[in-house]
Amino acid sequence: MIAAAVGFTPIFKLQTILCQVDVDPCPPELITYLSKLKQRNLLFINRSRLAQSLRVLYPDFQNTRIFINLPHTLRIALTSRTPVALLVTGSGQTFPIDGNGTVLKSVSPINLPVIKLASPGAQLLTASLNLLTLLNQAFIGLTSLSSTQSSVLDVELSSGQLARFSLLKDLAVQVNSLQVILHKSTIVPSASVIDVRFDKPVLVN
């Protein structure tokens, strides 16, 4: 009886919706979608269900936080997924992806490295993104990463050199080897191909 009375009372009716994506206001179509909630009792809005609906409608959002500020305000804060690369499939299709391999709807592709996978299986894509992360952490610039043969990843560095990695060995160890070689290349002539798949990396001029 008390719950029914609360449901019909105008005290907690939703009147104001504050919606933000990163530091910008939400797109108009999202505001229109959320406006359907107006006049509903804030106490009966299921935040988990609403967040799930928003994730389905807008997969480019990584995090969705929903706050109820009584008596009349619903506040929604969304965080966009950050694109880290452009995935190019064997058919030539290009998709912006984030660090988890999630395909994003739209993004400005400026300065994003390209990942070229003839057969983009989940395991190969995960390994490619892991290698990309390790290279970024080591401050090693690259323009593209591709699979040319089984268990091998070729990385075209920003310097124009080619670095070759094995998926069967620890990628972090191989990145460390590459970092040492690149540091030494500032003293001695640099190699055009750096193969770090072996305990003793192979350099080809």
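Modeller: The discussion below takes up the terms one by one, for a model that is predicted.

Biologist: What does the secondary structure of the chain come to?

Modeller: The chain has 5 helices and 12 strands. Of its 205 residues, 38% are buried. Among contacts between residues at least 6 apart in sequence, 48% join residues at least 24 apart.

Biologist: Which residues make the contact, and how many of them are nonpolar, polar or charged?

Modeller: On α4 they are A127, N130, L131, L134 and L135, and on α5 they are L171, A172, V175 and L178. The contact has 8 nonpolar residues, 1 polar residue and no charged residues.

Biologist: How do you know that R81 and D98 meet in a salt bridge?

Modeller: The term requires a side-chain nitrogen of Lys or Arg within 4 Å of a carboxyl oxygen of Asp or Glu. For R81 and D98 the N to O distance is 2.9 Å, so the pair meets that requirement. In general, side chains of opposite charge can pair when their charged atoms come close. The structure holds 3 salt bridges.

Biologist: Where in the chain do R81 and D98 lie?

Modeller: R81 is in the loop between β4 (73-80) and β5 (83-88), whereas D98 is in strand β6 (residues 94-98). The two are 17 residues apart, and the pair links distant parts of the chain.

Biologist: What makes D98 buried?

Modeller: Its relative accessible area is 3%, and buried means under 20%. D98 is therefore buried.

Biologist: What makes D154 and R164 a salt bridge, and which parts does the pair tie together?

Modeller: The N to O distance is 2.7 Å, against a limit of 4 Å. D154 lies in strand β9 (residues 152-157) and R164 in strand β10 (residues 162-166), so the pair ties together parts 10 residues apart in sequence. D154 has 4% relative accessibility and therefore counts as buried, the cut-off being under 20%.

Biologist: How far apart are the closest N and O atoms of R197 and D195?

Modeller: They are 2.7 Å apart, and R197 forms a salt bridge with D195. Both R197 and D195 are buried.

Biologist: Why is D22 called partly exposed?

Modeller: D22 has 40% relative accessibility. Buried means under 20% and exposed over 50%, so D22 counts as partly exposed. D22 lies in the loop between β1 (16-21) and β2 (24-25). It has a positive phi of about 55° although it is not a glycine.

Biologist: What makes S151 partly exposed?

Modeller: The relative accessible area of S151 is 26%. That value falls between the cut-offs of 20% and 50%, so S151 is partly exposed. S151 lies in the loop between β8 (142-149) and β9, and its phi, near 65°, is a positive value in a residue other than glycine.

Biologist: Which residues does the cis peptide bond join?

Modeller: The bond joins L70 and P71, with omega about 15°. P71 is in the loop between β3 (61-69) and β4.

Notes:
Residues are numbered from 1 along each chain as its sequence is written. This is a predicted model: local features need pLDDT of at least 70, side-chain atom pairs count only at pLDDT 80 or more; totals for chains, interfaces and linings use all residues. Side-chain values use heavy atoms; hydrogens and water are left out. Contact means heavy atoms within 4.5 Å. Helices (H or I, at least four residues) and strands (E, at least two) are DSSP runs, numbered from the N terminus. Ala, Val, Leu, Ile, Met, Phe, Trp, Tyr, Cys and Pro count as nonpolar, Asp, Glu, Lys and Arg as charged, and the others, Gly among them, as polar. Buried means under 20% relative accessible area, exposed over 50%, partly exposed in between (1.4 Å probe, protein chains only).
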